[in-house]
Amino acid sequence: MGNNFFSAQNSPLTAEQAALLNQLIGDLSPEQRTWISGYLAGLNAVTIGSVASQIVATTVSNTSNPITVLFGSQTGNAEKLAEKLCTQLTEAGFAPNLCSMGSYKPRQLKKEHYLFIIASTHGEGDPPDNAEMFYEFLHSTKAPKLEELEFSVLALGDSSYEFFCKTGHDFDSRLHTLGGKRILDCLSCDVDYEEEADAWIANIIQTLSQKLTTTAQSVSSPSFINVTNNVGSTYSKKNPFLAPLLENIQITGRGSSKEVRHIALSLEDSNLSFKPGDALGVVPTNHLELVTELIGTLGFSCEEKITNTKGEEISLDKALSHEYEITTITRPFLEKYATLAESQELDELLKEENRERFRKYIYGREIIDIVQTYPITGITANQFIGLLRKLPPRLYSIASSYQANPDEVHLTVAIVHYKSYGRSRYGVATTFLAERVSEDSTVPIYIDSNKNFHLPENSDTPMIMVGPGTGVAPFRAFLEEREFLEASGKNWLFFGDRNFHTDFLYQQEWITHRKSGLLTKIDVAFSRDDTHKTYVQHRMLERSSEIYTWLEEGAYFYVCGDAESMAPDVHEALLTIIEKEGDVSRERATEYVRDLQQNKRYQRDVY
């Protein structure tokens, strides 16, 4: 063909266009051709509506320097951000590798050149389940020297927990200790992470562009509409669907020591859908009595105007009702408050060596306790607002199957209402749902998908489900889905609570499922019915041989509920069962459980 790189035959180009293209290509060096290829790919991506207008189509990845994005995610937020980063890197002309830490080969680490980690912190400062093996490898003596590595870490967490973003910071510190060079400092994001995460992603792309771009030239592109992101029926945390209340039924009996409610909301006309294992985000409002009392304690009026995070001028009572967290004491809040209060007591409490004392102090207290105990003379309403974080939505495991109930979504909600330090305390979202949403009003909601907690793809696969208390909610959805699909897989439920007569949540439904054969087995544990407390992990140990048989048959093992006590106890029971029934060492039992996790046969939704 000589120098005729392109022919008009069998192409959309005219003969004249093909000739011009061949003339241009013939005059370019291989390096320039590579740049043109990347530019056209980026331009095409814009044309099909995958990115916004006015992009800079200049970057081409240096293929000798691989870019890897790793995520450690418990509920899916870190994974979604990792996907977003990879999408934008690809649109900028790079070729990133996206991988879950659970699937990543640790020995690959020494070959990496650019590494970006997005990791959440789970429980008491622990890595997510799918990040445990990589975390342990990185902190072991087997971890390689990484002098050639450049990296950055985005840490997700909740500042209401003591070990805020610890996992991300651990990754950042260890990579640096091994010789890696930070491209950007580790970024800690609270529950309202979107804007900070977007800025971090933009920073990453800009920095890589400067490092790896062969030729930089700003190119102005016409405007294109991202059709997916502009659909009016797309609801999210910032744009929740107002779901009408259908049912609000107490499902604990008279005399119970707690109040649990079954909440049903309408999804009609929302176009929202979900899968078993997903969560529902509820955007609540704060308790009006607390809002009014806090404003009075501060010496302000409800009508006083403040400027919120959006730059809008609104009344103080509206801001504190709908936009800001006014209950949970976080370390960042107390640090800022202590500075304004000039309090030596608070400064002492916040010292690193007093972490245990800090934890005990804030337990059972709320922001109003701090305001009353350490008043600040002359503080303005806007100054006080500046100390608060945004009011985070609350996530609840969905207790229904979309396919079985396409116009509804169900929740199982334990109402938080207690007294401490002489004050009544109200759970923000639980009392909002139970007491402050009337029959003719709506609840702002959105779907929060969870890829790490879902049904087996094969409906013949057996399932073992451990869900004490409200942790049983997603398993109600699992069984509804399997009933709808007429799935043949065996199902075994372990349920526990305090008392049989008052706390056997959804008892009649389990009986019906047991009679129909949908529920193959059910084991229950009621801890307050006998002098000796029996929990779900004790029932597991009693059924040790059968559980091991099911696992050997390929069963999936699920746990949902309390992360602090129940989940570790269930995990320990599982290890003991495998050690005993498999006649193996604890080390081998640990490997067995990790294989279950690796193959997504051991999934947890714990909180």
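Me: What makes F453, F475, F478, Y556 and Y558 a cluster?
Reply: Good place to start! In this predicted model, ring pairs link F453, F475, F478, Y556 and Y558 together. Rings pair if their centres lie within 6.5 Å. The structure holds 23 aromatic pairs.

Me: Why is the pair of F134 and F171 called tilted?
Reply: A pair of aromatic rings is described by the distance of the centres and the angle of the planes. For F134 and F171 the centres are 5.7 Å apart and the planes make 35°. Stacked needs under 30 degrees and edge-to-face over 60, with the rest counted as tilted, so 35° makes this pair tilted.

Me: What does the pair of F134 and F171 tie together?
Reply: F134 belongs to helix α4 (residues 132-138) and F171 to helix α5 (residues 166-177), so their pair connects parts that are 37 residues apart in sequence.

Me: How do you know whether F134 and F171 are buried or exposed?
Reply: Buried means under 20% relative accessible area. F134 has 1% relative accessibility, so F134 counts as buried. F171 is at 0%, so F171 counts as buried too.

Me: And why is the pair of Y506 and W510 edge-to-face?
Reply: Their ring centres are 6.3 Å apart and their planes stand at 80°. The limit for edge-to-face is over 60 degrees, so the pair is edge-to-face. Both Y506 and W510 are buried.

Me: How do you know that the charged end of R331 sits over the ring of F358?
Reply: One condition is that CZ of Arg is within 6 Å of the ring centre, and the other is that it is within 35 degrees of the ring normal. The charged end of R331 is 4.3 Å from the centre of the F358 ring, and it sits over that ring. K490 likewise lies over the face of W550, with 4.3 Å to the ring centre.

Me: What makes strands β9 and β12 a pair?
Reply: At least two bridges are needed, and β9 (residues 279-282) has four with β12 (residues 394-397), in the antiparallel sense. Here G281 stands opposite L395. β9 is also joined by four bridges to β16 (residues 442-448), again antiparallel, with L280 opposite I447.

Me: How do you know that the span of helix α20 is close to the expected one?
Reply: Helix α20 (residues 566-581) has 16 residues, and at 1.5 Å a residue 22 Å is expected. From its first C-alpha to its last, α20 reaches 22 Å. Its buried residues include M566, V570 and L574.

Terms used: Residues numbered from 1 in each chain as written. Predicted model: local features only at pLDDT ≥ 70, side-chain atom pairs only at ≥ 80, totals over all residues. Heavy atoms only, no water. Phe/Tyr/Trp six-rings, centres within 6.5 Å; stacked < 30°, edge-to-face > 60°. Helix = DSSP H or I, 4+ residues; strand = E, 2+ residues; numbered from the N terminus. Buried < 20%, exposed > 50% of the residue type's maximum accessible area, 1.4 Å probe, protein only. Expected span 1.5 Å × (residues − 1).
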